[in-house]
Amino acid sequence: MKSKAARKLIPYFYTTPAMVVMFILVIYPIFFSIYISFTNMNMYHWKKYNLIGFDNYIRVLTSLDGEFYAVVLRTIIWTVINLVIQVSIAMGLALLLNIKELKFKGIMRTLLILPWAVPSYISALIWKGMFNHDFGIINILLSKLGLSKIPWLTSPVYGMAASIIANVWLAVPFMMIVCLGALQSIDHTYYEAADIDGATGFHKFFYITMPLIKPALVPAVILTSFVTFKQFDIIYLMTNGLGGKTDVVMTYAYNKAFTSSNYSLSSAFSVIIFFILLGLTILNMRLTKADKEV
Amino acid sequence: MEKVIYKNSYAVKTGPKRRTRKFIKLSLAYCVLAAFIVAAILPIVWIFTTSINASNTLLTTSLDIIPEKMTLNHYKNILFGPNSNFFLWLKNSIIVAGATTGLSLMLGTTAAYAFSRFRFKGRKTLLNIFLLLNAFPNILAIVAYYKIITTLNLVNTLIGLVIVYTGGQLVFTIWNLKGYFDTLPYEIEEAALIDGASVLKIFTKIVLPLSRPAIAVTAMFSFMAGWNEYIFAMTFTTNKGIFTLPVGLWSLQNAGNYAQNWPLFAAGSLIVAVPVMIVFLLLQKSLISGLTLGSTK
């Protein structure tokens, strides 16, 4: 058998290749982004760029017509609206699918989760087509109903509405599956006991169902809020940010870099968002860990 | 009238009244579910209709699911048309997704094993770093990646994409496989160790064969990630010959000329999406448990 010292080295032998690659391909670019955010890298200074201190951060936080705050606020509102609609629809569908006497449950469930199975960039592009002003099915439907066509993809308000519809379509299946799984794990005797006591459906939902599915629902909601906050595909592919008017944080960072070629400014913005996400992630880890210890 | 019946019905839960109530409730449930099912599959049905519609999409305002004049020409054109690069894009996508999967599995499996079975200095720190990196969307570092790829002269190459994707998938692979290795009972390996087997032998002869399903699912995820990625791909490639399928489809849809390109996009996106959807439905269980594993604990 090998010596003790040699055995101690084994894990490093196994992990080093992956760790080296991870440091070069993942961690180095993060630090490089931070470095770029302190330079003047842009279209004119792509090869020769210099350190300029906090200028980019000052510009992001104090000028640009408050775009930073508008985009962050919009992203938060976007996240909240999406979550409220998603959770309500998902919960409703899960409750319906959980009715004992219901037939064809399997096939209905499969059809309902189909949106989840479509690659999200394809979904976004399909929705973009459906919301097309002249040829999209949505406006065709509206005009058949005698209503006027809506500029879905060119007006900021309708652009956000269209994006929310597409995103809800995309995201409901995951939440529905989580709700359904949680509902199915509830013991039936609780409801039977409640029935004997003469509880209404309303009471049963708020005093039995909700408390019992909360442990499964809360982490899923947190996970989804992160995903929604970081959403890129829908907004970018459908509206392309409309020059900052429908941008959320991710698309804003991307467009600042690759539409206006302001690489260092985009990096400064990204670094700020990165730290916001980092803070929220650590907070979430702390809270869930505290939960586990109890 | 009916409202009155409802109000008192839970007090008189017997006989035909209760049955009628049940019936109404069930029918309502079916109606609502049917409405949402229509909403869920409408975009997919619509893209299918577009892909087989022979008449000019610009002029039809019909809402028929089955178009009056059907054709498979759009499929023929996207696959074999004179301007079609479909098979080139397919080849590029397979190369990029395949190489990403191979590299991240090769590096990730061994590392995941060490993180699961050994306690060594730096382990905890690294695991915490993984957790944070998992939350980090690498689009936020896209400028840095772009600069690195440009400096290395890898713009418009598939290698450039593989480099970026492997970084993204590596963390996921390690995390996912470590979770699986943790569930394998250590006793078998212990017995082998006592019999004098080396760690390498235990890893290759016992752990890897036992983990085949988990490795397959992880590989599938990595492959899908590369297969579906378009943000880095569209940013780092400008040459049509280097496009992956997502970028190709996106360019079709983005090129204007809605009448000509939209049916092509519809046909192409179905060709790309249907295999993904089948894999998804087959892997449903592991996908769902994988996604909720960390969260429901």
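In the predicted model, chain A and chain B bury about 8300 Å² between them, 81% of it on carbon and sulfur atoms; buried area is the accessible area (1.4 Å probe) that two parts lose on being put together, summed over both. On the chain A side, the most area is lost to chain B by A:Tyr14, A:Tyr121 and A:Phe135, which together account for 9% of what that side buries. The interface places 93 residues of chain A in contact with 93 residues of chain B (contact: heavy atoms within 4.5 Å).

Residues are numbered from 1 along each chain as its sequence is written, and chains are lettered from A and ligands numbered from 1 in the order in which they are written. Local features need pLDDT of at least 70 and side-chain atom pairs count only at pLDDT 80 or more, whereas totals for chains, interfaces and linings use all residues; side-chain values use heavy atoms, with hydrogens and water left out.

One salt bridge is found across the interface of chain A and chain B, a salt bridge being a side-chain nitrogen of Lys or Arg within 4 Å of a carboxyl oxygen of Asp or Glu. B:Lys22 forms a salt bridge with A:Glu101, with the closest N and O atoms 3.5 Å apart. Helix α1 of chain A (residues 4-37) gives the most to the side of chain A that touches chain B, contributing 21 residues; helices are DSSP runs (H or I, at least four residues) numbered from the N terminus. By class, that side of chain A has 71 nonpolar, eleven polar and eleven charged residues, where Ala, Val, Leu, Ile, Met, Phe, Trp, Tyr, Cys and Pro count as nonpolar, Asp, Glu, Lys and Arg as charged, and the others, Gly among them, as polar.

Note on methods: Helices (H or I, at least four residues) and strands (E, at least two) are DSSP runs, numbered from the N terminus.
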